[in-house]
Amino acid sequence: MKALILVGGYGTRLRPLTLSCPKPLVEFCNKPMLLHQLEALVEAGVKHIILAVSYRADQMEQELKSVEEKLGITITISLESEPLGTAGPLALAREHLTNDNDPFFVLNSDIICDFPFKDMIKFHKHHGKQGTIMVTKVDEPSKYGVVVYDAECGRINQFVEKPQEYVSNKINAGMYMFSPAMLNRIELRPTSIEKETFPGMATDGELYCMELQGFWMDVGQPKDYLTGMCMYLTSLKKKNSSLLYHGEGVNGTALVDPSAKIGKNCRIGPNVTIGPNVVIEDGVCIKRCTVLNGAHIKSHSWLDSCIIGWKCVVGRWVRMENVSVLGEDVTVNDELYVNGGRILPHKSIAESVKEPQIIM
């Protein structure tokens, strides 16, 4: 089986992290975002994965060579000379997707959930039509384009953009399964699968959906990244995962790399991810944060709802909160306050950031 993953974007929503690293390779819960998807696909029997890339293709290919060997799969880079939207990449990769008659997966690269790929395969083969899309329930459907479908069989009737009156609370979750015949509907040009391909498939009775069970989040921007992290850690806790950290000073769910060093009298958690080679000195309080590889948090600092980038240094008695994000190699001097700051890579902060802003 095959899968195509849409990784073509510039990752602008997740800056400043994506100024140093392509978004699919940014760590989410101590693993590159993309690797969560790759491992789940492999578990479902996928052997060949095509990455639709328009940006930093060389870096992506180089980083994934070891993953290819480790997982025992083939990874092919399908390079777009211009961004092709969400449907054009399927036409570009047509030869890879049609050299047998098996259905294939298509995924957005910044989705995190308990990927139900085996269930999707069964459902898709059962209805026998051209397409299956995964949908997920949301609390405020007026913010989204919603999917209206027959609850008994899953056949999609229509899509309604940001409905002002209730018609459905299910939205497209960014995971699809298609039979090769659907590729005849797509031209090789910049085009949207959601707006140009799906409505026609629904009209022809060729598009079905199944509802995702459990958590789901598009983690492509910092606020949602942190929310998705909390959901993921809660899911691990329900599974009684041995991955969770149970050391001294941990309050609630935490994922801590074995190489990280945590000092005395710290309060870590709830909902914290600490990457490899991180140093956390004595008396530090961290909750609802991700701390990436090689960062150093000095004594008695207090961090809430932050993403601390690679090789950053946070000084003593610093307070950071309100979805503050440090890019790679940022230094925050002692005794400063950072409130919702987005700090670009390789900066040194010598004054407090009292209101949410981008520091260039």
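Predicted model: local features only at pLDDT ≥ 70, side-chain atom pairs only at ≥ 80, totals over all residues.
Proline 270 sits in the loop that runs between β14 (267-268) and β15 (272-274).

Another cis bond links arginine 15 to proline 16, with omega near 15 degrees. Proline 16 belongs to the loop between β1 (2-6) and α1.

## Positive phi values

Asparagine 277 is placed in the loop between β15 and β16 (279-280). Its phi is positive, near 60 degrees, and the residue is not a glycine. With a relative accessibility of 47%, asparagine 277 is partly exposed, because that value falls between the 20% and 50% limits.

Serine 305 is another non-glycine residue with a positive phi, about 60 degrees. It lies in the loop between β20 (302-304) and β21 (306-308). Is serine 305 buried or exposed? It is buried, since its relative accessible area is 12% and the cut-off for burial is under 20%.

Glycine 45 follows α1 and has a positive phi too, near 105 degrees.

## Helix α1

How many of the 11 residues of α1 are buried? Eight are, so the helix is largely enclosed by the rest of the structure. The buried set is Met33, Leu34, Leu35, His36, Gln37, Leu38, Ala40 and Leu41.

Several of these names return below. Gln37, Ala40 and Leu41 are among the contacts of phenylalanine 117. Leu35 is one of the residues closest to the centre of the second largest pocket.

## Nonpolar cores

The largest nonpolar core has 64 residues. Leu51, Phe117 and Met175 touch the most other members. Helix α7 makes the greatest contribution to this core, with seven residues. A second, separate core holds 30 residues, including Ala254, Ile274, Ala295 and Ile349.

Leaving out residues up to four places away in sequence, it touches Gln37, Ala40, Leu41, Ala44, Phe105, Leu107 and Met175.

## Aspartate 224 in α7

Helix α7 spans residues 222-238 and contains aspartate 224. This aspartate has a relative accessible area of 14% and therefore counts as buried, the limit being under 20%.

The side chain of aspartate 224 makes a polar contact of 2.9 Å with the side chain of glutamine 221. Beyond residues up to four places away in sequence, aspartate 224 touches Met217, Asp218 and Val219.

## Valine 353

Valine 353 is in the loop between β28 (348-349) and β29 (357-359).

Setting aside residues up to four places away in sequence, valine 353 touches Tyr337, Val338, Asn339, Gly341 and Ile359. Asparagine 339 is 14 residues away from valine 353 in sequence, yet the two C-alpha atoms are 5.9 Å apart.

## The second largest pocket

The second largest pocket has a volume of about 640 Å³. It is lined by 27 residues, of which Glu27, Asn30, Lys31, Pro32 and Leu35 are closest to its centre. The lining comprises 18 nonpolar, four polar and five charged residues.

Which elements each supply at least two residues of this lining? They are α1 (33-43), α2 (57-71) and β12 (254-256). Helix α2 gives the most, with six residues.

## One cavity

The structure has one cavity of 30 Å³ or more. The space in the largest cavity is about 30 Å³. Its lining is made up of Met1, Lys2, Leu97, Asp100, Asp102, Pro103 and Phe104. By type, four of these are nonpolar, three are charged and no residue is polar.

Conventions:
Residues numbered from 1 in each chain as written. Heavy atoms only, no water. 1 Å grid on protein atoms, 1.4 Å probe; cavity = no way out; pocket = protein on both sides within 12 Å on 5 of 7 lines; lining within 4 Å. Points joined across faces, edges and corners; volume = space filled by probe spheres on them. Helix = DSSP H or I, 4+ residues; strand = E, 2+ residues; numbered from the N terminus. Nonpolar A, V, L, I, M, F, W, Y, C, P; charged D, E, K, R; others polar. Buried < 20%, exposed > 50% of the residue type's maximum accessible area, 1.4 Å probe, protein only. Polar contact = N/O pair within 3.5 Å; in protein donor to acceptor, adjacent residues only side chain to side chain. Contact = heavy atoms within 4.5 Å. Core = buried A, V, L, I, M, F, W, Y, C linked by side-chain atoms within 4.5 Å.
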